[in-house]
Every structure is written in C-alpha cells, then in structure tokens.
Amino acid sequence: MVIKKNLYLVIFSLFIGIFLLVLTDKFVFSTSWFFVVSFALSVFISRFLDLNVSKYKFSLELLIALPYLLFITPETVTVILPIIWFLTSKRNRLLRALLSFLMCSAGTYLYYLAGEEFLRIPLFILGALLANFIWMSIYSLELIKELINPLLNSYLLIFFGSFIISVVYLFSEVKIFPFLFLAFMYVVYLFVVVFYIKSYNIMLVEKIERKKLEQENENLMNLIELIYDENIENFEERLDNILEMICKTSSYEAALLSLFDRKDKKILRIAKAGITDDVFFKLRSSVISIDSTMKYFSKRFEREGCYFVPEDAVSLEEEVSYVFENYMSFEYENSWKPKDLLLVPILDDQSNMIGYISFDKPVTGMRPSVNDLKLLKTLSWFVYQFLKRTPYARYWISKDLKYLSYPEFVRFCESVIGNSEEVVLGVLDIDNFDSINFEKGPEYAEMISEYIDDYFEERKDVYFYKLSGENFVFLFPNSTKLKSLMYFGKFNEKLLEKFNVTVSIGLVHDEGENSYFDLLSKAREALKVAKKSGGGRIMAL
C-alpha cells in the first residue's frame, strides 16, 4: 500500500512539476558559476545540519535559496535542489527529490506571474509552500493534523524572510551600505528562526512530558483495576484491553504480546493493541520457533531489562516481524525507525522469561529513553500477574504449582482440560492422618506429606496441588483410567513400604466434556467410596 502511494506521489510530482515549468514558457539556467556552485555547496552542507521542528527536520533549503534568487534564476534552483535531495537522502530518495522538484516548479511558475520584481521572490516561496502543503495532505492527513501549528508558523517565517530579501528591489541602485544592512537583517532573521525552533522544541518536550505524566498516573490506576478484577471470564478480550492501557501509559501506538510454548518450541501471539484484526490473524497463524527469536534477546541489545534492537542491527525475518505501513519517512536525531524492535520480557516468579511484549510506533517518534524502559519493565510485571490467573499459565507451569493460589490452579486445570482429548482427575487423602499426627508427631506426618510432594514433582505427566497436609488433587492430561490406576498403584506400594501408611484415592475419567469442579465432585464421591471400603484403596468412576 505504501509502495503504491509513493509511486503515485512520484508520478504526480513529476508530471505536475513538468507541467508547471512548461506553463512558464521559459527555462533559463544561470551561467554565473560562482553563485551556482556556492548555492549547491550551501544546500549540500545544510542537509547535514540538525535543526528539527518537533520530531521532523526543518527544511533550510528555501532559506538558503532566498538570497541566491537575487543572482540565479528559479529554474536553476529547481534543478539543483532535487539533485541535492536525491544525493543526501537516506530513504525514499526519488520521492523526496521529486517533492523538491514540485515545490520549486510551483514557485517558478508563480515567480514569472509576478507583475512587480518586488513580488517575485515572495511568490516563489508562496508557490513552493503551497505545493508542500498539498503534497503533505495527499501523503498523510494525520501528519498535517500533527504538524499544523509548527507547519503554519514555519511557513509564515519563511514567507516573511522572502520579503526581507525582496527589499533590495525597492532601491533604485544597490549601494554597499544598504546591501550590508540587508545582509545583517537577514542574518538576524535566521537567528530568530533558529531561536523559534529551539524554543518550540523545548515547549513541545515539556508539553509531551507533562501529558505523559498525566496519562501515566491516570492509566496506571485503570490498569491496576483491569489486572486485579476478579471477573476474568473473557480473559482474551481483557488481555487486549490491558495491552491497550499499557500502550496509553507508555505512549506507544501498537503492541503485541507473545508467549513461549516450550513444549512445541514455538511462539504464540495471544494479544494485541493498535493492530488490525486481519494483521493479527496473520501474525497469529504464522509458526515461529522460539530459537529464531532468541537472537533479538542478545546481551548487546539489553538496556534496563528490556531489549532494543536498532534497525539493520540484525536481519529481520519477514515471518517474525511486521512493519507498519504508515510510518512517516522523516529523518531526525534518535528517531524511531520502521524496523526498530523494542522487546520487553515477561518474567515469572523465578525470573524465567515466559514471553515478551513488542512495542512499536512511539507517539513521540523517538527511541526509548532509560525512564521509558524502566516503566515498560514495570508494566510487564502487571501483565504477568494477570497471565498467571488465565489458562495461558499452562505454557510455563510444568510441574511446580506451589506459587499459584488455589483459584489460579483451578483456572490452570480448566485450560488443561479444555486442551486435552481425555483427562483423569484424582483426589488423594492420607488414611488416619490425624492419628499419625497425634501418635508419631507432626514432624513425621509432615515428612509423609513432603514425600508425596517430592514423589509427584519428579513425574512429567501429572499436575498436582497440595490442598492441605493430607489432601492432594491430581490432574493427568491425555491419560487413560487404566494408566492412572497403575500409576497410583505403584505409588501406594512405595508409600506403604517406606512409611507403612496407606492412602485412599478417588479417580474420574473424562473426555473434555465436564469442568474442573464437575470432575472434582465426582472424584470426591469416588474417594468417599474408597474410604468407606476401609481405606488404602483406589476407586475409579
């Protein structure tokens, strides 16, 4: 889409520019080589000067062209400026060169329409500025809205400068003192322009920082409410809302939340903000290996616990990344480039990376500062606090569930049940636990409980949760009733051999048709039957 738009603008700028030059019915290239060469050299040097309005580069070329229009023709300017732009631009060379060509052609056309010499230079500038405004409106209305104040002020400053230079036409003959005074006035004018730009940038930075601070405070409170709201039935929609709130808080327009599926060794895209549904579907459907993304988490890109990968620092694989179409192709110091990557790891309670959030399109257009990265790292912790209460927890919780609360364990089991063809849920109760506790002491009773804990931690095909010292819940994903019976039968033998203690177990098999609580209720019914039968038994429904 962007390539097509750029192509249309190239064609538009070329043909309209040529058409306007043809309408002037003349083309005179100056042969005063001193002025031609000095003008080209001045413009070339100006292209490397760092003078920005907001986050966009202020064009000094017209200010340089103003005094030279006293000595060279506007057609000469129309030829030289596009060539310099083409040679010095880093991206979209042809597009930028033809924008300059269109501006100068429009200026040249109005230049020759002027009836008075005094109005020629102002009309040249007027034509160039009108062409610039029309071209930018076609390129992006959003850009016009963003730049309307500094753009109009810059236009007025440049237009005012054209009248300063045109004062020379009011003199019947040019003498040394009026000429030096005019040169002095123009230098003062240039200082005023620079002062305005610097002052505007300071004011803008203060305004942006003040707005960011207000947004951070307001959005942070809303984010906390979203994170800790107990009602998380529609957790996928809530994740999108959380990510949107984080974008508002951190002043980014887009974000993508990804998790590591260690079992299948791939990346899962699970939530988005500022990304269209069709693009998100495409990203979500692509199969990306974890290994292919780890190169972006190199130590050399690490800053404040986040990872910033500058454009062209490493090659971006097309299926791994997505580049937005509506980036503004302007150059400024420390600007965010279309292929910059900002990755914020999501860490679990043991500081293991379970996924990451990639941010894009900063509102300021700038690469992240140290404070920005610290804020994003904090916000990623909030994301983890929510994620561990959702079924997505299954992607990083393999065996050790002790850090989860029981409600979190329940949600985890619901996720496992929903993603398994068949499951077995079991409830275990140590027989005569109170008597053991009383006769042999709480230390011995706790030793038995810890043995059960340690025994099942070594198994890879079962999840369990310790409800109390004597009660455990077990979940076997993709397991049959027979396999689970054999599993617990072997465990019973070892427990009896080591402690001379028995356990009663209730099992229920399901093919994903019932919820966790339905299965738990049936397993407890089976446990009651096992208990009534004298204990030390396994009862399966």
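Begin with α15 and α16, which meet in a right-handed crossing. This is a predicted model. Select residues 442–457 for helix α15 and residues 481–499 for helix α16: the two pack at an angle of about 145°, and their axes are 12 Å apart.

Now show the side chains at this contact. On α15, pick Tyr444, Met447, Ile448, Tyr451, Ile452, Tyr455 and Phe456. Their counterparts on α16 are Tyr487, Phe488, Phe491, Lys494, Leu495, Lys498 and Phe499. Colour the contact by class and you will find 12 nonpolar residues, 2 charged ones and no polar ones.

Next, turn to the sheet. Its 5 strands make an open sheet with mixed pairing, in the order β11-β12-β10-β13-β14. From one strand to the next, the twist averages 15°. Which strands stand at the edges? Select 463–466 for β11 and 538–540 for β14: each has a single partner strand, so one side of each has no neighbour in the sheet.

Zoom in on Ile505, which stands opposite Ile538 in β14.

Finally, bring the helices back. α16 lies across β10 (423–430), β12 (471–477), β13 and β14, and runs at about 170° to β13. Then select residues 516–532, helix α17, which lies across β10, β12, β13 and β14 and runs at about 140° to β13.

Conventions
Residues are numbered from 1 along each chain as its sequence is written. This is a predicted model: local features need pLDDT of at least 70, side-chain atom pairs count only at pLDDT 80 or more; totals for chains, interfaces and linings use all residues. Side-chain values use heavy atoms; hydrogens and water are left out. Axes are lines fitted to C-alpha atoms, for helices over the stretch in contact, and angles run from 0 to 180 degrees between N-to-C directions. Helices (H or I, at least four residues) and strands (E, at least two) are DSSP runs, numbered from the N terminus. A crossing is left-handed if the near helix is turned anticlockwise from the far one by less than a right angle, and right-handed if clockwise. Contact means heavy atoms within 4.5 Å. Ala, Val, Leu, Ile, Met, Phe, Trp, Tyr, Cys and Pro count as nonpolar, Asp, Glu, Lys and Arg as charged, and the others, Gly among them, as polar. Two strands pair if DSSP finds at least two bridges between them.
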